[in-house]
Structure formats: structure tokens, C-alpha cells
Amino acid sequence: MGGLPSTPRGGEARPQETAEYLIGEFVGEKSFPLTSDYWQKLLELPLDLRWPAHRVRRACQLFGLFPSKDASFKKSGANHSTMNNCKTRHLVKILINLAWCLQECVSASDMESTAFSKALNALFISSVFLKYLIENTRSDNFEELYLSLDETDPVPNNFSKGSTCYVYQHVGSLIMFSALNFICKVDVRPGTYHLHQELLNFIVIASSTQLLSGPTPGPNDIHPFIDAAMTQESSLVNMVVHRSLLNYVTRPQFSVNTSSSILFSEGNQPGVLRRVSSAAACLVLFPINYLVSSTGEASRRLLAEDSLHVLLILCYYRKCVSVDYSKDNSLNNSSESLLKEETYFSENPFCKALQNVMDVEFDRVDVEGNAHSEPVTRLPFASLFDTLGMSLANEASVLLLYSLVHGNSKFLEYVLVRTDADTLLMPMLETLYNASNRTSNHIYMVLVIFLILSQDSTFNASIHRLMLPNVPWYKERILNQTSLGSLMVIILIRTVKYNLSKLRDVYLHTNCLATLANMAPHVYKLSAYASQRLVSLFDMLSRKYNKLAEITNEKINTGDGALRGDSLAEDPSVELHIYTDFLRIVLEILNAILTYALPRNPEVVYAIMHRQEVFLPFKTHPRFNELLENVYSVLDFFNSRIDAQKLDGEWSVEKVLQLIIDYSRAWRGDGMKTFTQLRFTYEQESNPEEFFIPYVWQMVLSHSGFAFTTSSINLFPVPVEDVNSPEAEKPPTDELKEHALQVDTLV
């Protein structure tokens, strides 16, 4: 490498046995065949080098896309106008060696086998250069990675993987099989922990080709490694999903092995890879500071989270495939045919495996007595449920929960029959409470999960009977002995208020109101505070409606009806229509409570009576008058009976509430119009990948420590600053969400 010494630094070792010489040869122009003993020497050296960031950068440039003009890199006879990897194919050779080492690790019974240290070295070297090449590639098909051997390159005679075509053609299948197979078949133990960790990091790097594609997957998109992962056998895919979830649930805890950490640090000085990663993170693997951490907590967190990130990357990938067919041009009576192209997304086996995960508590034969025809991943749902409950402050955990409740009917059924719904709901409600510190996508996914759960009537009934002794994180007022259902109503309404003032996102409004509408017929003893908030919600939306109505009328009266754009803020008439729908939904919610659950909710009746003036302006409105007839039937019934009472002293809340409770026993609903219950269901849009693929990678970049050159990212908009900066944690999301999710209303 640049400025590499031609002789060893010390001792009597020969130059070719020194680390700098071997790395220098790796990035140089001399090609070493797979049969050369050079590779064994390279993989057996200890990675305790001390290179500054600029030397690693120049090494990457010499090796890959941008040859360096720095004089320190000039070697006798070197041609600096070409890319050395193009000639040497050393990237594919180090990957092949990595695959061989991993296969040897799987079959090795002795944890002291040199295969583990060689595999770790191969991982570090290949990750550094692969990441640089991906970030700086100038082709759409990643030809510049040169992931195949020259046909003149010999391979060892003992190469065992079916045939040598694996190395003469694309090597992606070989390396992805070896990496995934190791993760599944080698237990996480002190001696294997680092290798498991780095393999997960490597898979993220290999999959990062997606960052260079646009948000809409196309048939011409090529992702060599993740495409190869999709072609693995179903048995391996199931094991990968099982291992990933098992790592997430068990959170393996092993403190750093001293003998391993010496490879990366010496005294208080960090090793070369750590130094480079913190100084020039866009060039190398990851900030590897966890490798020299002495705390078990960091290890537990990272392995579990990285397993989850890899699982989400694999599950949400979609491969777009094109099919060409010919169609006669009969209109022109020509014999020529028109070439047509149709595209579709091939099935994702990892997504399918996650959707089919089953609880270990159930027998393999289902209730109908039908045996499962293919292997099924089995996991203790109880442990998964509890782990999710402890981890839902993490955005990736929320996406995993969404993936399970939306795609896995068995897990959804399990969640719905649990009697401790607060285990999952409380951390998500706290997330909504702290919405200002969360990304809008995080908030959105929580609301979608609530909507999915609220589609079940048993769930809606059970949350109102589960009492919470207190809610310590709710600061506006003390909430003691509040039902989980009442808290959910309070937080959803609070989210609407926050969204109205800050985000102004119609999707968030819709999901909040849809969940409240699903809950309404099953409300039981809604608290006084929740009841007040519900009526205040109508008041808040009505004031927004009135303001928009005034603006719209002014535009009509002045003849200024031209629209300046398609955003809500720029088109008051469109926004007025939306808020009309919102107000109607709130009235539907109140109607459902009054129609189906009035005797059980005296606080709701009291809140409506206390603020009855807010309904008066809409009594004759053509969109609301039918719904308000029921509200006024209730008001007339209770107002007349309470007014007829002659009480000594002044009226008090307690006295009025007691009268409402007493008269509720005589309530028969006479004169009430029965409307079909609103029932909102959730379903994904037709192209959810346009939301989920960018979303997964936003989380990986924000929370995993993985850095990527921002100028190379085309998958989603990024600020000029580093994607890991606080400003980058809240990317524009409206464009993503409009492609991802929708709410259907069944009336």
C-alpha cells in the first residue's frame, strides 16, 4: 500500500510474510490465483496494523474504481490508469476464501480452529473493499465489482460445492449460502460471537446496493448478493428467519474475548479498522467500537438489533421481474408484432417464512388435522411477545411487530387472546405521547398496528376492562386507575392534536380516527378525562373546519378560485372536504357509543351535556344533521329529566353524574336512528415496497452505525449532512406513505 515498507518492520521474517506487504499485494496489480499460498498467508496474519484513514482511502482507490495519483502508491512497473481489481479479481477471490473458511467453521468441532480467525480476517478485508466499490460504482449492474473469475484462473482440486461453475460465474450464491449457513448452524458462543456479528454486518454491506437504486424497484435493478439470498433453499431460509428471531429474543450476552480484542487494539490505541471507521466511516465497514467494549450490554444490544436489521432487509426486499411478450398490431393490419413488457414482483421467501412462523406450543398438525406440507419455523410466541414489549421504543421492533400482526395470522391470534395487552400497547402509547421525538414513520407504524388490532371486537372489549394503576410518563395530569382503553382514547386524540399543529399529515388523522371508530361500539366505562377529550376533539376539528370554510367562501366571493398547488395547505377547498369527513367520523364515534354503549358510559353523556353548545352550529348541516339528531335525542332525554329535579343547594358534577347514571337505567333509545357501524380495515397499497424498502434502510442508517456516502444514495432523499446526523433522522415521508398504506372503510 502507499508508502509500504519493502522489508518487515522487525524480526527476521521475510517481506512477503509481513502484513503490509500482503495487503499491498492484495490491492496491487499482480494477480494471485486461488491455488496460491498467498491467500493462506494473508488470512493468517493478525490485523494489528496502524494505518491512518488516508492510506486506507488510497488503497481502496488503487484497488477499485478511482486509481490514486499519489506518488506513494507508485510501484515499479505499475500501470495506474487501470483498476487493479479488474485485472486481479482479488475481491471475488477473497470472497471465495471467506466462503471456504465459513464452510470449514461449520464443520469444525474445535472452536480453536484457525478457520474462525481466517474467516474474521477475510470478513474485515472483503467488507472494507466491497463497501467502497459499492458506494463508488458507476454502473447499474455492478460489473465493476467483478464477481466472477477469469476462466483461465485455476481453482483448487478439492473445491467442493457441486462444481467449479460457482466461481467461474457469479459468486454471490456461494458467499450468501456460506454466510447464511454459518449464521444458522453455528451457535452464538464466546468464541463465535464476533464472527456472527461481522457476518451480519457483511450482509448489510452486501445488500447496500439497494441504496443506489431509486425508490421504485425496476426490472433492470441488479443486486448481486441479496438476489442470491432470495434463491436459497427454503430450508435454509426458514433457519435464517428462526435464527434471526432467536437472536432477537434471547439477546446473547458475551463479554469481549481479550484474545480477540487484541487484534483490533493495542493498549489505549485503537486498531487500524476502528481508527479508519471513526475517521472516515464512508470507506470502511462500521464503527467497530463494540469490539473493544468490555460491557455485555453493548454486545447484547448489537447482536440482537443487527439480527433484526438483517431480517427486515431480507424480508422487505422485492425483486422486480419483467416478462416480454408479442402482440399482433391488428389495428394497422401489419404482420409486425409489438413488443410488450409486463413486470411483477417475485415472491420473497424470507417474507413468506416470517408469515408462516408458528408457536412451539402448538402441534404440527393444525386444528383441522392437516399436516403442514413444508418446513415451518417454530418459535415460542410467549418469549417473542415479551421481548417485543420490552423493545418497542426501538423503531425496528415496531416494524417487526407490524410485520407479524399484518402478515402472520397465527401471531395476530396469539396477541389478541393475551390478557396483558398493556405489554405491547403501553410502550407504543408512550411513543405516541413523545411524538415530537420520534420520526413520523415511527408514529405511523404504531398507528397502523393499533388499527389492525382494533379490527377485533374482543380486543376492543378487553382493553376497556384492563385497569392501569397509574401512567407515570403522562405528565399533563395524574392518571390513576384508568383503563387501558381510556388511555388509548386519550393518546390517540392527543396525537390528532399534535398532528394538526405540527405534522399536518392526513394519513395520521385518518388512522387515529379509524381506530377510535373501531373501538367506539365496545367502549366500557370511558373515564371522565377521556370523555372530555373526545368532545374536545369535535370542538377542535370544528374550529379548523370553520376557519377553512371562511377562507373558501372568501375565495369564492372574490372570484379567486385558482388552485396554487395540490397540497392541503395551498388548497383550502380540498382541506375543507377532508375535515368535513373527519368531523363526520367523530360524530359516528359518538353515535356508536350512544347507540350501543350509553348505559355503560355516563361520563360520555356528561361530557356531551357539558359542551353541548359545540354541536349547535352543525345541527342543520346536510352532512351532519342525521347524526346530530341522535345526539340531540340523548340531550333532550337527559336535559328534561335533570331540569325537572329540584335539588337543595347548587348543582355539582357528582350530583349530575349520579342522575345520569340513574336515568341511564331507564334509557331505551327511543327515537334513535340506527346507523350501520363504521368498520375500518387496514390493507397495504398495491406497491408497498416503495415505502418499506426505503424505510428499512433509513432505520439501518440511523440506528445501526452503518455509514454510507450520502451522494451515492438514490433510494430516498437525504440531506447534505451525514445521514447519521439528528437532522437526517426525520426524512420527508409523505411521498413514501402515499405509496404504502391505505385504510378501507366498510359501511
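Q: In which helix does C60 lie?
A: In this predicted model, C60 lies in helix α3, which covers residues 53–63.

Q: Why is C60 called buried?
A: A residue counts as buried when its relative accessible area is under 20%, and C60 has a relative accessibility of 0%, so C60 counts as buried. The C-alpha atom of C60 is separated by 8.2 Å from that of V128, a residue 68 positions away along the chain.

Q: What share of the residues of the chain counts as buried?
A: Of the 747 residues of the chain, 54% count as buried, while the chain as a whole exposes about 32700 Å², with carbon and sulfur atoms supplying 49% of that area.

Q: Which elements of secondary structure make up the chain, and how many are there of each?
A: The chain has 30 helices and ten strands. Among its contacts between residues at least 6 apart in sequence, 74% join residues at least 24 apart.

Q: Why are α17 and α29 called roughly antiparallel to each other?
A: Helix α17 (residues 395–407) and helix α29 (residues 689–703) pack at an angle of about 150°, with their axes 10 Å apart. Angles over 145 degrees count as roughly antiparallel, and α17 and α29 are therefore described as roughly antiparallel to each other.

Q: Which residues of α17 and α29 meet?
A: From α17, the residues E395, A396, L399 and Y402 meet F692, Y695, V696, M699 and H703 of α29. By class, the residues of this contact divide into seven nonpolar, one polar and one charged.

Q: What makes the pair α19 and α20 oblique?
A: Helix α19 (residues 422–433) packs against helix α20 (residues 440–454) at an angle of about 135°, and their axes are 10 Å apart. Roughly antiparallel would require an angle over 145 degrees, and roughly perpendicular one of 65 to 115; α19 and α20 are therefore oblique to each other.

Q: What is the hand of the crossing in which α19 passes α20?
A: The crossing of α19 past α20 is left-handed.

Q: Which residues of α19 meet α20, and which classes do the residues of this contact belong to?
A: On the side of α19, the residues are L425, M428, L429, T431 and L432, and they meet H442, I443, V446, L447, I449, F450 and L453 in α20. This contact of α19 with α20 has ten nonpolar and two polar residues, and no charged residues.

Notes: Residues numbered from 1 in each chain as written. Predicted model: local features only at pLDDT ≥ 70, side-chain atom pairs only at ≥ 80, totals over all residues. Heavy atoms only, no water. Helix = DSSP H or I, 4+ residues; strand = E, 2+ residues; numbered from the N terminus. Buried < 20%, exposed > 50% of the residue type's maximum accessible area, 1.4 Å probe, protein only. Contact = heavy atoms within 4.5 Å. Areas by Shrake-Rupley, 256 points an atom, 1.4 Å probe, with all protein chains shown as cover. Axes fitted to C-alpha atoms, helices over the stretch in contact; angles between N-to-C directions. Parallel < 35°, antiparallel > 145°, perpendicular 65-115°, else oblique. Left-handed = near helix turned anticlockwise from the far one by under 90°. Nonpolar A, V, L, I, M, F, W, Y, C, P; charged D, E, K, R; others polar.
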